[in-house]
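Here is a short briefing to read alongside the coordinates. Have your viewer ready, and let's walk through some helix packing and a few backbone details.

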Number of protein chains: 4
Amino acid sequence: MIRAGIVGGTGYTGVELLRILALHADVEVLVVTSRADAGLRVDALYPSLRGAINAVFSLPEVETLAGCDVVFFATPNGTAMLMAEQLLVRGVKVIDLSADFRLKDVKQWSTWYGMEHACPDLIAEAVYGLPELNREAIKQSHLIACPGCYPTAVQLGFFPLLENDRVDVKHLIADVKSGVSGAGRKAELATLMSETGESFKAYAVGGHRHLPEIVQGLELVAGKSVGLTFVPHLTPMIRGIHATLYGQAHGSLDDVQALYEKRYANEMFVDVLPQGSHPDTRNVRGSNNCQISIHQPQGGQTIVVLSVIDNLVKGAAGQAVQNMNLMFGLKEDSGLKIIALYP
Amino acid sequence: MIRAGIVGGTGYTGVELLRILALHADVEVLVVTSRADAGLRVDALYPSLRGAINAVFSLPEVETLAGCDVVFFATPNGTAMLMAEQLLVRGVKVIDLSADFRLKDVKQWSTWYGMEHACPDLIAEAVYGLPELNREAIKQSHLIACPGCYPTAVQLGFFPLLENDRVDVKHLIADVKSGVSGAGRKAELATLMSETGESFKAYAVGGHRHLPEIVQGLELVAGKSVGLTFVPHLTPMIRGIHATLYGQAHGSLDDVQALYEKRYANEMFVDVLPQGSHPDTRNVRGSNNCQISIHQPQGGQTIVVLSVIDNLVKGAAGQAVQNMNLMFGLKEDSGLKIIALYP
Amino acid sequence: MIRAGIVGGTGYTGVELLRILALHADVEVLVVTSRADAGLRVDALYPSLRGAINAVFSLPEVETLAGCDVVFFATPNGTAMLMAEQLLVRGVKVIDLSADFRLKDVKQWSTWYGMEHACPDLIAEAVYGLPELNREAIKQSHLIACPGCYPTAVQLGFFPLLENDRVDVKHLIADVKSGVSGAGRKAELATLMSETGESFKAYAVGGHRHLPEIVQGLELVAGKSVGLTFVPHLTPMIRGIHATLYGQAHGSLDDVQALYEKRYANEMFVDVLPQGSHPDTRNVRGSNNCQISIHQPQGGQTIVVLSVIDNLVKGAAGQAVQNMNLMFGLKEDSGLKIIALYP
Amino acid sequence: MIRAGIVGGTGYTGVELLRILALHADVEVLVVTSRADAGLRVDALYPSLRGAINAVFSLPEVETLAGCDVVFFATPNGTAMLMAEQLLVRGVKVIDLSADFRLKDVKQWSTWYGMEHACPDLIAEAVYGLPELNREAIKQSHLIACPGCYPTAVQLGFFPLLENDRVDVKHLIADVKSGVSGAGRKAELATLMSETGESFKAYAVGGHRHLPEIVQGLELVAGKSVGLTFVPHLTPMIRGIHATLYGQAHGSLDDVQALYEKRYANEMFVDVLPQGSHPDTRNVRGSNNCQISIHQPQGGQTIVVLSVIDNLVKGAAGQAVQNMNLMFGLKEDSGLKIIALYP
């Protein structure tokens, strides 16, 4: 039985981890921390967990967390980097769902996240937790930097094109739409229902923190410098990410379709749909799946890739558990056999 | 391994049965029928089921279904009554999610459903599949009439008051709000997103088919005639039922709360919340739970009971599987350990 | 040209006042105040007003506001009572959209609003701004207490029954559903889209501030003590209130229908629908209308009244402008000829 | 007083025309036709129009319509082309909101719309009713082909770049998101709330009928052949279109911003937002405005233009009325001074 701790258990990725881990046959949730709600029963805050989680929020203290085999950080950026080392030296594996260890270039990290990195030495050690890219490294790792939600959808959508040098890497476009839960559980005007319901908008077109993370991943598989325009949008729904990806490609649609099918043939959570399909975010809602389809409008040069995930599952908590499964030698889909909630 | 068949697998209760049964350790889905889509892969129509269900829609033929141990009818009203007998004589258990066997009074049935009953002899044999009311009878039954979604939420909310004679049964009110999936997967103007989104309305105030079903259940436990005003409403969301129940009660709130807690102490799917709670439909979304809270505004005579379920789970497919578990001697929550999808 | 000021122009009722007044032929908006956003152009905060309002937020100072003929308070409770007197003595009419002057009993006000009333002497002077109840008094008044959104829908729905003594006033029930904009434009967890979207809940069943306001109005027209159970609910939509009202009534449905039609025959903003109708909140969205229908399920004793309004228009800003029109001798529907936005 | 007729008054563009024309000071709605609902009062079908429209649906007969000065066709494709000529010869001006006269190439029209054109001779005569492109021609015209909703948002967003030869016209991308009302008021599974709520998807990536219409307009202003990839998406909201446009441009962001501001300086319904803005569809909901902003992410070569409209107003009924105003010499914004409904 793997003893798990969750630091920052009151946000949406925290609750989602609890939803998944509570039914994971090999995991016992030992500690759930929250500074603000310490002392409160978890299911008093989240009645959806009544009967499933019998825990009380505690303060995020290293001594308590040291009793765990693995600790998940479902915290705002800047927290995991303060505690990770203390846990690692005590033999606790760390899976960080925040951005603290995602970028390999510490200067770039400071620029985009607006603070000094508290623990730059660990960056090199951290493995970027995208199993479809780094499966073997993840198995050996003690410190996982879980990918962001946008980067997961975009990278999985672009990889086969870039790995096979089938696209002009200088002019990639990722037009991505997210449900509002991606903004987290924070008291903010901008994500009130009255502000986001029945409306659609782009945001951060000038530059979003997930841009350098995506570019880092794409350049890694492309083996060269990549030019990406990334435009995130807010969609009036709670869960789901839909990436619409554009590139100038070489090769017929049949070839590219075959490339994608081969690339993901053995991936249990990436599903290449038949030609002509349009993936729908509801078909992955609540599940750890990524569904992808490929189009070549009017038989032209432009390839359009559609890639959908649930931002809280494959884009966060589900992927974190997938990483944990790999790190502990479990079956990769343990606790993740979840079918999307349709309708 | 229980071999299950689903007649009418293309509606929302059909897909929901598939979502649950695909992960049920003791069940194999052998047959899924659809007149309109026979020959099509199930997951071609429902990509959410890709990788989970490897079946093709077939025509609804008795010979094929006879190979099953249990057949679920997720059909419009009027279909199960035509096929149930043929299956029963072949030793197949039948669980009907439609209304065909819910009302004990066949004349009343004809009045409300606007057709002759094709199989009145079976009505007496059918057990009303509300486990919290009829658990032992369900275990012995071969033919289950699964309750409607409104009746489930309302009856579970009223039972303790009526069983203990704590309420004026002549003036009960059930003001109930449903998500639009309750209207089914039918091409109709009235349930278009443009017609139901961002809007709220009552409907069928003059009389809704679930009224006689609710009254039948309430009178059974009350042991006397009951006067109920039932007003259903359409809410701009997909899943969920919220019943707000009013009655003139005797006894303090503490007493009534204790009554409810005792009544449902051993029920795994009915959860009486602490005093002062307000259940939220999202906290049961996708799960088989009913959450209930009791209020007595301003310490007056009026008791207000709030009762929420997911109309497609405890109000349909989940309850059907709960019945199946009981009929086959399985653990009652087999395949139903599902935590609500929040947010 | 009436010079108007708005104190608290950044909330939803403030913006809604601007939407209406910007197109009102007899009004010029002179001052819009906001402590937080003073110095900012109004249309920089609200791009929906670009081209329609050419104003800059200013600080809420009496000297500036004194240049207006009328000042609307679209502020949180507790603000208008601090400034109203200073404006009145300067000859400025005051229309308060908050609750400061709604309750005639100052003790009751303090109990429900949790503070001392700063200006109890003005309470008697204030006219409750429900034109369908107090039209003549409003015309003479200098200080209007605009009704709350719930109270508007509930009172208009109940008035004909109570005025004609056709209902058992001891057991009235108001089961009311509101869109989330009723909670205001405040950074709060509870009204995030991720918290309120796709979900339905009751709240404040133990006691809501609008209860004493409704009871005060009902008792006034009934001429006796009234017993009301009022249960508010939050609906996953932005605008709209749907009141479902229950009472034990005398008289046939035809009689009651005739009563309602007669009562509101000359009201331009109250519309009694034909028998058998179910009003839909979208049909009044953005307009100042109240649509009402009456039902008598199964010909029983219980009368069900359905009453819908847009909480931000007839429930707030539109009603405030209707009051202004009356106070200044304009046509009652000046600036209020707005057709609901459907779909 | 202009006497107006509406053919096909039961769809969303028909009702929207009624909402606008009912308050238009210079227009009297004389005829509203509907084959299915002939004989029914318009406000019986659309209670939002009670008190505003006093008309009864009639059959679509030329003799009746001939009494009008102008007839709007809010019909499915293929209807206007059957009746337009008969009305024109009787001196009635025709404004077609469907696609019948939008494409100048009749073969292309037949290919995309899957039928023979019944009236090819009129195509040359029809003026494409985008006032920002064809204002003077519209004033002289008797037959207007109103642009589609997607084409309006996309063309207004691209025009300044193409008119000034500032973009590589071979690789334009239009990633466009629409609310579901764009699919019309038709009983179809695909646009049920249960199918489109809380979900996001692309559709018709292989080819959408609005593609040739957009290309025709872009080539006209560019003066050369244009390569466009157009991907439409369905967004879980009712109204609104958000176009995200990508092109490889020459010139600094300041230059391009200045270009846009100059181009639309005298356009009352096109509003170029300050640099750094992100238009939100709610800010044009219910209004005839198009709001546009321009970005140049990371100072690169790619220009991103964001363009939003209400698909039923500037994308349909509002634009039709704008055309009518021009044709009849009225002020261009008569009846169109509508402020967006926020929130």
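In this predicted model, helix 1 (residues 12–21) of chain B packs against helix 11 (residues 313–327) of chain B at an angle of about 45°, and their axes lie 9 Å apart.

- The crossing of helix 1 of chain B past helix 11 of chain B is right-handed.
- Helix 1 of chain B brings Thr13(B), Glu16(B), Leu17(B), Arg19(B), Ile20(B) and Leu21(B) to the contact. From helix 11 of chain B, they are met by Val313(B), Ala316(B), Ala317(B), Gly318(B), Ala320(B), Val321(B) and Met324(B).
- Sorted by class, this contact between helix 1 and helix 11 of chain B holds nine nonpolar, two polar and two charged residues.

**Helix 4 of chain A**

- Which residues of helix 4 (residues 80–89) of chain A are buried? They are Ala80(A), Met81(A), Met83(A), Ala84(A), Leu87(A) and Leu88(A).
- Looking down the axis of helix 4 of chain A, you will find its buried residues within an arc of 160°, so they line one face of the helix.
- Leu82(A) and Val89(A) are exposed, on the face of helix 4 turned away from its buried side.
- The buried residues of helix 4 of chain A have several packing partners in that chain: helix 3 (62–65), strand 4 (70–73), strand 5 (93–96), helix 5 (106–113) and strand 7 (143–145).
- After helix 4 of chain A comes Gly91(A), with a positive phi near 85°.

**Backbone details to look up**

- For context, most residues other than glycine have a negative phi, and most peptide bonds are trans.
- Gln298(A) is not a glycine, yet its phi is positive, near 50°. Gln298(A) sits in the loop between strand 13 (290–295) and strand 14 (302–309) of chain A, and is partly exposed, with a relative accessible area of 44%.
- Asp165(D), also not a glycine, has a positive phi of about 55°. Asp165(D) belongs to the loop between helix 7 (149–163) and strand 8 (172–178) of chain D, and is partly exposed at a relative accessible area of 46%.
- In chain B, the peptide bond from Tyr342(B) to Pro343(B) is cis, with omega near -5°; Pro343(B) is in the segment after helix 11 of chain B.
- In chain D, the peptide bond from Tyr342(D) to Pro343(D) is cis, with omega near 0°; Pro343(D) is in the segment after helix 11 (313–327) of chain D.

Conventions. Residues are numbered from 1 along each chain as its sequence is written. Chains are lettered from A and ligands numbered from 1 in the order in which they are written. This is a predicted model: local features need pLDDT of at least 70, side-chain atom pairs count only at pLDDT 80 or more; totals for chains, interfaces and linings use all residues. Side-chain values use heavy atoms; hydrogens and water are left out. Buried means under 20% relative accessible area, exposed over 50%, partly exposed in between (1.4 Å probe, protein chains only). Helices (H or I, at least four residues) and strands (E, at least two) are DSSP runs, numbered from the N terminus. The arc is that of the directions from the helix axis to the C-beta atoms. Contact means heavy atoms within 4.5 Å. Axes are lines fitted to C-alpha atoms, for helices over the stretch in contact, and angles run from 0 to 180 degrees between N-to-C directions. A crossing is left-handed if the near helix is turned anticlockwise from the far one by less than a right angle, and right-handed if clockwise. Ala, Val, Leu, Ile, Met, Phe, Trp, Tyr, Cys and Pro count as nonpolar, Asp, Glu, Lys and Arg as charged, and the others, Gly among them, as polar.
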